[in-house]
Amino acid sequence: MKPRIAPSILAADFANLERDITLVERAGAQLLHVDVMDGHFVPNLTIGPPVVRAVRRVTSLPLDVHLMVSDPEAMIDDFLDAGADYLSVHYEASRHLDLMLTKIRSRGVRAGVVLNPHTPVGVLDEILRKSDFVLLMSVNPGFGGQEFISTSFEKVRKLRDLIRSQDIQVEIEIDGGIDLSNVADAVQAGVDIVVAGTAVFGTKDPAVSFRQMQDTASRAAI
Ligand code: DX5
Ligand code: ZN
């Protein structure tokens with residue numbers, strides 16, 4: 001499948017979310033990344049189910065909801081009801097990962113596991129079959145605009161090898177510090193979904209920036 005850039009609304013103008021989302025939707029985006037932070041799992045507080053519901057009403061783009069919360073088990077129902085199409089939970093915050101992934105899939109939503117930069121991909125060995133995608137953090141979660149952690153592509157390659165060794169279909173997503181300078185490397189390492197916040201919404205013309213990122217990613221995949 002062609003790699004997709006998923007613009008992250010964390011870097012959009014929260015007072016003009018509909019306007020910013022429409023910009024990237026018209027520019028050809030196929031997925032929208034939504035960062036949920038609870039001020040506890042990560043030192044920042046963003047949005048909850050009401051905002052996801054509101055976003056759901058103003059776009060037909062699939063919503064890729066990234067839960068950075070301490071107790072995802074208590075919250076996944078609310079985000080499934082709010083309209084998530086992709087829903088990912090952090091490995092580090094989960095007690096019953098198998099149960100959550102099964103539940104997410106049972107609702108027809110794509111289920112994902114997120115790994116912090118320090119968490120090795122080997123922990124996914126037993127759970128990979130229950131996952132539709134794995135999101136590798138390439139910054140420490142909590143804020144947009146941080147510097148890319150340079151060892152992250154090596155981790156992407158390890159994950160790609162693990163997926164191949166199990167002969168299954170699992171998408172690889174990367175999140176944090178990706179811009180025009182490293183998006184091609186991400187795709188070449190094996191990334192299917194590239195989250196981009198600052199590199200899209202932090203620029204003067206998000207539509208143009210999105211297209212540049214998407215074109216660069218698509219070319220790198222050939
Ligand atoms: C960080 C979030 C990211 C963030 C990425 O914790 O999970 O999705 O929006 O922002 P950039 O692309 O600016 O690094
Ligand atoms: Zn994210």
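Which polar backbone atom is 2.8 Å from an oxygen atom of ligand 1? In the predicted model described here, that atom belongs to Gly142. The model is a prediction in which local features require pLDDT of at least 70 and side-chain atom pairs count only at pLDDT 80 or more, while totals for chains, interfaces and linings use all residues. Residues are numbered from 1 along each chain as its sequence is written, chains are lettered from A and ligands numbered from 1 in the order in which they are written, and side-chain values use heavy atoms, with hydrogens and water left out.

For His66, a polar side-chain atom is found 3.3 Å from an oxygen atom of ligand 1. For Thr198, an N or O atom of the side chain is 2.5 Å from an oxygen atom of ligand 1.

The protein chain as a whole contains eight helices and eight strands, assigned as DSSP runs numbered from the N terminus (helices: H or I, at least four residues; strands: E, at least two). Its radius of gyration is 16 Å, close to the 17 Å that the globule rule gives for 222 residues, so the protein chain is as compact as a globular protein of that length. The radius is taken over C-alpha atoms, and the rule is 2.2 Å times the number of residues to the power 0.38. Along the principal axes, the C-alpha atoms fill a box of roughly 45 × 40 × 30 Å. Of the 222 residues, 54% are buried; buried denotes under 20% relative accessible area, exposed over 50%, and partly exposed in between (1.4 Å probe, protein chains only). The accessible surface of the protein chain comes to about 9900 Å², and 49% of that surface belongs to carbon and sulfur atoms. Among contacts (heavy atoms within 4.5 Å) with a separation of 6 or more, 65% involve residues 24 or more positions apart.

Several individual residues illustrate the packing. Tyr86, in strand E4 (residues 86–90), is buried with a relative accessible area of 8%. Leaving out residues up to four places away in sequence, Tyr86 touches residues including Leu31, Val109, Phe133 and Ile193. The side chains of Tyr86 and Arg4 also form a polar contact at 3.1 Å. Such a contact is a pair of N or O atoms within 3.5 Å; within protein, one must be able to donate a hydrogen and the other to accept it, and residues adjacent in sequence count only if both atoms are side-chain atoms.

Pro3 precedes strand E1 (4–7) and counts as buried at 4% relative accessibility. Beyond its neighbours within four places in sequence, Pro3 is in contact with Val187, Val191, Asp192, Gln214, Ala217, Ser218 and Ala221. Thr216, in helix H8 (residues 206–220), is likewise buried, at 18% relative accessibility. A polar side-chain atom of Thr216 lies 2.6 Å from the backbone oxygen of Gln212. With neighbours within four places set aside, Thr216 is in contact with Leu180, Val183 and Ala184.

Helix H5 contains Ile163, which is buried with a relative accessible area of 7%. Ile163 and Leu128 are 35 residues apart in sequence, with their C-alpha atoms 7.5 Å apart in space. In the loop between helix H5 (152–165) and strand E7 (171–175) lies Asp167, a non-glycine residue with a positive phi of about 55 degrees. Asp167 counts as exposed at 71% relative accessibility.

Key
Areas by Shrake-Rupley, 256 points an atom, 1.4 Å probe, with all protein chains shown as cover.
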